[in-house]
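Hi everyone, thanks for coming.

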Amino acid sequence: MRTTHRALLGLVVALGMGTARGAIPAEQDDCLGCHGSDPSQTMDLPSGEKLSLYVDQEHFAKSVHGEILRCGDCHSDKTGYPHDSKPFKTRRDVTVATYEQCKSCHFANYTKTLDGVHFAIMAKGNRKAALCVDCHGSHDIGRPTEPRARISQTCASCHANVNKVYLGSVHGKGLTAGNQDVPVCTDCHRAHDIADPRDGSLALRTPEVCGRCHTDEKMMKRYGLSTRVVDTYLTDFHGMSASLTKGHARSAKAKDPNRLFAAVCTDCHGVHEISKSKDPGSPVVRANLVKTCRKCHPDATDSFPASWLSHYEPSPQKAPIVWLVQMFYRLMIPFMVGGLVLQIALHLWRVVVNR
Amino acid sequence: MSEYIVRFNVQQRIEHLVTMVVFALLCFTGLPQKFYTTGWAHVLVDVFGGIDNTRAIHRFCGVVLALSTVVHFAMALNTIVGKRTRLSMVPSKQDFTDAIGTLRYYLGVADKAPPFDRYDYRMKFEYWGLVAGNIIMVLTGFVLYFPTLAARVVPGEIIPAAKVAHSNEGLMAFLVITIWHIYNAHLNPDVFPFDTSIFTGKISRERMLHEHPLELARMEGKSLADLGHGHGHGHADAGKMG
C-alpha cells in the first residue's frame, strides 16, 4: 500500500519535473495571483517578526505536493478575500497553528508523532520542539531521504552538536563518503515516534536496533564484521539482564532517574561517537577496556576485562576453561538425567512385574 | 515395640525444610535467568517484581543455602568428633554392591533386592550430589555475585566459566530434584502420594523392615532372619530418599 503510494508519488514527481511551468492545481485557487508575484511580500507580526507571504510557484510545483494539492487543501481556513485575520503573535504561532493540516492526509505518521519525544515536550510547553514542517519543510517538501545524508542534516538544524559528533563516528564518516549502509539518525531513533533517549527504553532496545544491521550477513560481509555479536552479547550476563529489563525501563527510570541498567551495545561502544572496535581511541580496544568496565564496575582491576569474551563464542582457542565447562555439562546433564530416568523406569517395571 | 520409629531428629527435619524452601526459591528466581528468552521467564521475573528483586531474592537464598551447608557440616563434624554417630552417610564398597544387586533385582536376575542400612546407595548418591552441587553453586554463585572481587583473585576467564557452570549445574540440580527426588518421595508406588517421614520424623516399623532392615535389626538387637525380612511381603525394594 505504502510502496504503491510512494511509487505513484515518484511518478507524479517525475512527470512534474518536465511540466513544472505547466498548470498545477495550486493555480486554480487564484492565490498565486497575490502570493506568487512579489518575493518581498511580508506581513508584520506583533513580535516584530516578518512573516513572508510569498510562495515560489516553481518551487512548489517541484515539491512532492506540486502536482496534487491546491493551496486551499492545506490553507483550508482561507476561504474568501479578504482573509479572516488571525491573532498570530509570532511566526512560531503560525507554524504551530497550521501544522496539523498534514494529518488530514498523513494520519498514520501524524499518529506516530503523538508517541514521539518532540510531541511530548511540545505538550509540556516547549514550542521549539519539531513539528512536521520543521523537518519536512512546507511549500518545498521533497522526499526526506533523497539524498540519505539529508536526514542527518535535517536533524542537525536543531541537534547540531550531536550531528558534529556523529559525523566523526565510523557511521558518520561513512555517510559523508556516500556509504548507503550506515545508519542515519532515523535508523536508530526512528522518524515520527522518536523515543526519549533519556528514559532507558531506547538503550535497552539497542541489541535489536544495532542488530538490524550487525546481524545482516550480506552487509557485514562487506566490512569483514562478525554477525555473532548480538547473540554472544545476549547469552552473556549483560544481555540476559537487559533482556529481562526490557519493557520495564521507563517505569524503573521514573522511580529512580539515576537507575543503571545492564550494559547494552552503546554503553561500551559509545553512541554517536561510535568508532571501529580496533580504532586506538575506541573504548572497547584492549588498552581502554578497564576504563570502560569501570563506568559501571568502579573497582574493576586490570584482570577484570578478561571476564568478557569479546563477543567470541567459547572455543578451545578463545576461552578454553569456559569451553571445557560447557562440554562437561553438555555430556553430564544427559548422562545424569538419562541414568536416573532409566533407574525409575526399571523400578516401575519391577513393581508391575511383582504384581 | 512401637508402631513408629523416629528416623529423623528435629535438626534434620529443619535442615530439610530450609533446603526445600530455599531450593525452590532458587529455582524460581534462577531458571528464568537461564531461560531469559522465554515468556514464562518474563512472567516469573515480573511476579518477583523485576530482575533486580528477582536477583536479590536469589542471592539472599544463595547465602542462606551457603550458611546452611556450613552449619550442616559443622554440626556433622561435631557429632563425628564426639563419636555420637555412625558414619551412616559415608559411601562404602557395600553401596556399589547394593547398586548392582538392586539393578539385578530390577532386571529379574536376582530374586530379592539387597537389604539396606540406614541410608541406601540412592540416598547417599542424592545426598553427596546435593553436597557437591551446593559447593559448586555457592562458589560460582559468589564469583558471579562479586565479579570484580573475584577477578582480583582468579583469572578473569573464571567468571564466564563460573556463569556456565552455575547455570548448568543449577539446571541439573533442578532436573535431578524434579525427576528423581519427586519420584522417590512422592510418585514411587511404595510411598505414593507422599513420604512424610522427613517432615514428621517418623517412619512405620513396617517400612523400616522393608527399606532399612539392617538398621532395624541393629536397633532391636536381632538378626535379619529374626526380623523375618524377606518373608511375606511382596516387594522388598526401597525407594525412599533422604
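Let's begin where the two chains meet: 38 residues of chain B are in contact with 37 residues of chain A. Keep in mind that this is a predicted model.

Which elements does chain B bring to that side? Those giving two or more residues are helices H2 (39-47), H3 (50-81), H4 (93-106), H6 (147-153) and H7 (158-187) of chain B. The largest share comes from H7(B), with 15 residues.

Now please find Tyr106(B), which is in helix H4 of chain B. Is Tyr106(B) buried or exposed? Tyr106(B) counts as buried because 21 C-beta neighbours lie inside 10 Å, and the cut-off for that is 20 or more. Leaving aside residues up to four places away in sequence, Tyr106(B) touches Leu346(A), His347(A), Trp349(A) and Arg350(A).

Let's move over to chain A. Helix H9 (residues 149-156) and helix H10 (residues 160-168) of chain A pack at an angle of about 145°, and their axes are 8 Å apart. In that contact, Ser152(A), Cys155(A) and Ala156(A) from H9(A) meet Ala160(A), Asn163(A) and Tyr166(A) from H10(A). That makes 4 nonpolar residues, 2 polar and no charged.

Finally, a word on confidence. Chain A has an average pLDDT of 88, and 94% of the residues score at least 70. Over residues 11-21 of chain A, though, pLDDT stays under 50, and the model has 11 contacts beyond four places in sequence for that stretch.

How values were computed: Residues numbered from 1 in each chain as written. Chains lettered and ligands numbered in written order. Predicted model: local features only at pLDDT ≥ 70, side-chain atom pairs only at ≥ 80, totals over all residues. Axes fitted to C-alpha atoms, helices over the stretch in contact; angles between N-to-C directions. Helix = DSSP H or I, 4+ residues; strand = E, 2+ residues; numbered from the N terminus. Contact = placed C-beta atoms within 7 Å. Nonpolar A, V, L, I, M, F, W, Y, C, P; charged D, E, K, R; others polar. pLDDT = per-residue confidence, 0-100. Buried ≥ 20, exposed ≤ 12 C-beta atoms within 10 Å, placed from the backbone.
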